[in-house]
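This briefing walks through one protein model together with its ligand. Please look over the sequence and the structure first; the notes that follow are grouped by topic.

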Amino acid sequence: MSYDADVIVVGGGLAGLSAAIQANREGLSTLVLERGEYSGAKNVSGGRMYVHALKELVNIEDAPFEKPITKETYVISCGTRRVTFSFSDPESRNSYSVLRAKFDPWLAKKAEEEGVIISYETLVSGAMRDNGITLRTNRGDLRAKIVIEADGVTAGVSRYLGLRNLSPDSLMLGVKEVIKPDVISDEGEAKVLVGFVDGLLGGAFSYVNKDTISLGATVKVNSLQSERVLARDLVELVREKLGIEGDILEYSAHLIPYYGYDKLPPVYAPNLLITGDAAGLLINDGFVIRGMDLAIGSGMIAGRAAKKILDQGDPTKTQVYEEMLNDSFVMKDMIIARRAFSLMNNERLFNAYPEILCSVLSRMFTVSGNRQRLLNVLIEEIKKRDLTLTETVKDLMEVL
Ligand SMILES: Cc1cc2nc3c(=O)[nH]c(=O)nc-3n(C[C@H](O)[C@H](O)[C@H](O)COP(=O)(O)OP(=O)(O)OC[C@H]3O[C@@H](n4cnc5c(N)ncnc54)[C@H](O)[C@@H]3O)c2cc1C
């Protein structure tokens, strides 16, 4: 039986490139298939990367980051009222704003310099088991002992192999714009906005780049259907609420996996290791969106696991990949974030609580000769919305 490579990686995004760099370093013959003209051509991202995993993979001194994120701002909006709090740490170099159309080609170049072969404009349109896995592509069939799936949220390879379907319950829609404002702040600020459309489950974000601002929203697909909000109106609302103006340079929309640890799809099958968005590895806990570091982390682990599996002599026995993921920050952080996933289905978080907070603060700052204790005001506002203090405390505990 002949193979075109030990490992074929489907998708040349962050997960795929990281997997390929690692597999190649392990001495495995490795080929990446990417449907785009170049890596990054098809990638959409709000653009804040936590760099701990990337630092383990490559030297980041010349990485094309936009700005270090040194200021975090949280905006809770209720109608025309809003609560804003900010945290600044000028020394922080934990995360950076990035533009994927610049970042992914940089990482692809690093991979190619180390000897990884990337076949661009190569679309995988089918997969079958055949003493390994054979992939159907526009350039002909290719067979590998191990396939690393890194084809993003729609997980084509898993679907072609009949391992799973996609359901709107496990998806969020992300919409994003890149704007060029007249003036750009020196500070790398990340903003999160909660409560921007009544009844919509999700939040909005903006990140300051070198000369531009990335902004957008991530919302549960089924809440978008039920609230009948048009996707294209979402970014406009975000722009309005965050008071950002300027020329729109780019608009894009993309699905985001939203499974949570308890409903994750399988991350391995015989001859197959699944990484990044394709494996549902994404955290959106209301404070941070993290998919990029989990994609890089899971990709690196898949590259290492491929070597272990092939050394053991049976490429169908791939469970070691899951064991290695469980031992890493990827699954440990997914476990910590598991409660946040149930919160995203909790409408109170997006409607009632922003309203309660704004009303309590409104009353605190109003002097009318009828002052009440803060706790009494809080209980009154909670009751007005047919909630109990116990329910509220329980929800709060979930967030913490
Ligand atoms: C609006 C939005 C905002 C976000 N904000 C953030 C953020 O601020 N921080 C963060 O960490 N994460 C964020 N994310 C999530 C992050 O972008 C993803 O988690 C991350 O890109 C996943 O990487 P990946 O390599 O698994 O998949 P992708 O980046 O989607 O890469 C998949 C690659 O596979 C290729 N491909 C797909 N199908 C095929 C095929 N059939 N044949 C060949 N090639 C194929 C694609 O062209 C692509 O290059 C955001 C996502 C969205 C949509």
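**Sheet, helices and ligand shell**

In this predicted model, methionine 172 has isoleucine 256 of strand E15 as its bridge partner. Strands E11 and E15 pair in the antiparallel sense, and their pairing extends over 10 bridges.

**The sheet**

- Seven strands form an open sheet with mixed pairing, and their order is E5-E4-E12-E13-E14-E11-E15.
- Strand E5 (81-88) and E15 are the edge strands, each of them pairing on one side only.
- On average, and with direction ignored, neighbouring strands of this sheet are turned by 15° against each other.

**Helices on the sheet**

- Helix H6 (residues 231-242) lies across E4, E11, E12, E13, E14 and E15, and runs at about 125° to E14.
- Helix H12 (residues 352-364) packs on the sheet, where it touches E4, E5 and E12, and its direction makes about 90° with that of E4.

**Domains**

- The domain assignment divides the protein chain into domain 1 (5-65 + 95-166 + 262-338), domain 2 (169-257) and domain 3 (351-399).
- Taken over C-alpha atoms, the centres of domain 1 and domain 3 are separated by 46 Å.

**The ligand shell**

- The ligand is surrounded by 42 residues, of which Gly11, Gly13, Gly174, Gly276 and Gly291 are the closest.
- Among the elements that each supply at least two residues of this shell are helix H1 (14-25), strand E11 (171-180), strand E15 (247-257) and helix H7 (292-312).
- Sorted by class, the shell holds 15 nonpolar, 18 polar and nine charged residues.
- Because domain 1 and domain 2 both give residues to the shell, the ligand lies between them.

Technical notes: Residues are numbered from 1 along each chain as its sequence is written. This is a predicted model: local features need pLDDT of at least 70, side-chain atom pairs count only at pLDDT 80 or more; totals for chains, interfaces and linings use all residues. A residue is near a molecule or strand if its C-beta atom, placed from the backbone, lies within 6 Å of it. Helices (H or I, at least four residues) and strands (E, at least two) are DSSP runs, numbered from the N terminus. Ala, Val, Leu, Ile, Met, Phe, Trp, Tyr, Cys and Pro count as nonpolar, Asp, Glu, Lys and Arg as charged, and the others, Gly among them, as polar. Domain bounds come from an automatic or database domain assignment. Two strands pair if DSSP finds at least two bridges between them. Axes are lines fitted to C-alpha atoms, for helices over the stretch in contact, and angles run from 0 to 180 degrees between N-to-C directions. Two residues are in contact if their C-beta atoms, placed from the backbone, lie within 7 Å.
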